[in-house]
Amino acid sequence: QVQLVESGGGLVQAGGSLRLSCIASGSIFSINAMGWYRQAPGKQRELVAAITSRGSTNYADSVKGRFTISRDNAKNTVYLQMNNLKPEDTAVYYCNAEILDFIVGVNSDYWGQGTQVTVSS
């Protein structure tokens, strides 16, 4: 079985910073793309940033220049450094990864449980 566990959320004032971490564990053969999504109350879940196994990145327009995604393949971990946070960044942030499980033998999407980020004005 595969699990994703996020950490690093919290309450911060506008203009502040937070760093989210997500560790994948379990029967992992390989990890392809990893990413962060967020869902604000009453809104659909949206992609924030993604990174391929080779390090290519993609960002939502709303976070470009403020957020940075990175990963440590040796630790099966993905990070999201969030700077200059705004109240509109308030949401539950979810980690996502496409993982080849060596027990199941297929690539599947896995999700973390989510971590709350609240930005006060």
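In this predicted model, the largest nonpolar core has 32 residues, and Trp 36, Leu 80, Met 82, Tyr 93 and Ile 99 touch the most other members. Such a core is a set of buried Ala, Val, Leu, Ile, Met, Phe, Trp, Tyr and Cys residues joined through side-chain atoms within 4.5 Å; buried means under 20% relative accessible area, exposed over 50%, and partly exposed in between, with a 1.4 Å probe and protein chains only. Several strands each supply at least two residues of this core, including strand 3 (18-26), strand 4 (28-39) and strand 8 (77-82). Strand 9 gives the most, with five residues.

A word on conventions. Residues are numbered from 1 along each chain as its sequence is written. The model being predicted, local features need pLDDT of at least 70 and side-chain atom pairs count only at pLDDT 80 or more, while totals for chains, interfaces and linings use all residues; side-chain values use heavy atoms, leaving out hydrogens and water.

Leaving aside neighbours within four places in sequence, Tyr 93 is in contact with residues among them Glu 6, Trp 36, Phe 67, Met 82 and Val 117, contact meaning heavy atoms within 4.5 Å.

Next, the chain as a whole. The secondary structure comes to zero helices and 11 strands, the strands being DSSP runs of E, at least two residues, numbered from the N terminus. Of the 121 residues, 40% count as buried. The C-alpha atoms fill a box of roughly 45 × 25 × 20 Å along the principal axes.

Finally, the loop between strand 9 (91-101) and strand 10 (107-111) contains Ile 103. Ile 103 is exposed, with a relative accessible area of 60%.

Definitions and conventions
Helix = DSSP H or I, 4+ residues; strand = E, 2+ residues; numbered from the N terminus.
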